[in-house]
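Dear colleague,

Please find below the structure I am handing over to you. My notes on what was found in it follow directly after.

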Amino acid sequence: MPLATSLAIFQSCNITGVPKSTRCAILRDMAKVRKAERRPPLNKTHKLKRQDWAKKYLKTDFSKVLWTDEMRVSLDGPDGWARGWIGKGQRAPVPLRRQQGGGGVLVWAGIIKGELVGPFRVEGGVKLNSQSYCKFLEDTFFKQWYRKKSASFKKNMIFMQDNAPSHASKYSTAWLARKGLKEEKLMTWPPCSPDLNPIENLWSIIKCEIYKEGKQYTSLNSVWEAVVAAARNVDGEQIKTLTESMDGRLLSVLAKKGGYIGR
C-alpha cells in the first residue's frame with residue numbers, strides 16, 4: 001500500500017486499537033515516509049518510443065555520453081520549509097515567507113564517466129529560447145570545457161540533452177551540427193523520460209545538501225555559491241556510479257515495456 005497512512009496499513013491487517021505513536025514506531029523499522037513522485041503520464045506512444053530508444057542504445061558505450069540538464073534552485077528549497085524532528089523543549093524554527101519562494105537560479109551541468117561539467121549559472125533575466133540556449137552553451141560548455149578536450153575525445157563523445165523546445169528546435173539542432181554534434185553524436189531522447197537521465201540523481205544529491213536541515217537563503221548569489229560548493233563535494237566515484245547505471249536503466253525500460261523505472 002504505497003503512501004498509505006499508518007491507520008490504513010494496520011486496518012488492512014485487521015489490527016485495530018493501536019495508538020498512532022505505536023503504529024509509526026513499528027513501521028519505522030520496515031518503511032519510510034515518502035512523498036509521491038510527480039511524473040507526466042505515459043501513453044502508449046511514449047512507452048513505444050522509450051522502448052525503441054532503449055533498443056537503439058542498448059550496446060552503447062555510455063562512458064562516452066555527456067548527460068546534460070538544467071535545474072532550478074530557489075531560495076527556500078524545492079518544497080518550502082522542510083519538516084523534521086526537534087528535541088523536547090526546543091522551538092521549531094520560523095521560516096522566512098516570500099512570494100514564489102523569493103526567486104531562484106537556473107543551473108546547467110553535465111556528467112560524463114566520472115567527471116562533472118560545470119555547474120554553470122544562467123544569468124538572471126535570461127529566458128532560454130533557442131538563441132540564448134546556444135549562446136549559453138558557447139560561452140560556458142564549449143569555451144570553458146569542450147575546447148580543452150583532445151580531438152579523439154571530441155570524435156567519440158555523444159551529447160545528450162532532453163526535448164525542451166530550446167534544445168530540440170531546428171535552430172539549436174543546426175547550431176549544434178555546426179559544432180560537430182550531429183547524427184549519432186547527438187543522442188535522440190524519448191519524451192517524458194527524466195527517469196532515464198542519470199544527472200537527475202545528481203540534482204537530488206545537490207539539493208539534499210544545499211537544503212539540509214531546512215536551510216534557506218537570503219540572496220540568489222548565496223544559493224548559487226551553495227550549489228557550487230555542493231557540486232565540488234560530489235566525487236568522481238559517485239558520478240561514475242550514476243553514469244554506469246545506464247545499462248540497468250535500459251534493461252528496466254525493456255522489462256517494463258516502456259514504463260517508468262525506479263530510481
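Helix α4 (residues 130-144) lies across β1, β2 (104-112), β3 and β4, and runs at about 140° to β3. Contact here means heavy atoms within 4.5 Å; axes are lines fitted to C-alpha atoms, for helices over the stretch in contact, with angles from 0 to 180 degrees between N-to-C directions. Helices (H or I, at least four residues) and strands (E, at least two) are DSSP runs, numbered from the N terminus. Helix α10 (residues 236-243) also packs on the sheet, where it touches β1, β2 and β3, and its direction makes about 75° with that of β2.

The model is predicted, with local features requiring pLDDT of at least 70 and side-chain atom pairs counting only at pLDDT 80 or more, while totals for chains, interfaces and linings use all residues. Residues are numbered from 1 along each chain as its sequence is written, and side-chain values use heavy atoms, leaving out hydrogens and water.

The sheet is open, with four strands in the order β3-β2-β1-β4 and mixed pairing (two strands pair if DSSP finds at least two bridges between them). Because β3 (115-122) and β4 (158-160) each have a single partner strand, one side of each is left without a neighbour in the sheet. Strand β1 (residues 65-74) pairs with β4 in the parallel sense over three bridges, and Leu66 stands opposite Phe159 in β4.

Elsewhere, the axes of helix α8 (residues 199-210) and helix α9 (residues 220-232) come within 9 Å and cross at roughly 120°. In this pair, Ile206, Glu209 and Ile210 of α8 meet Ala226, Val227, Ala230 and Ala231 of α9.

Yours sincerely
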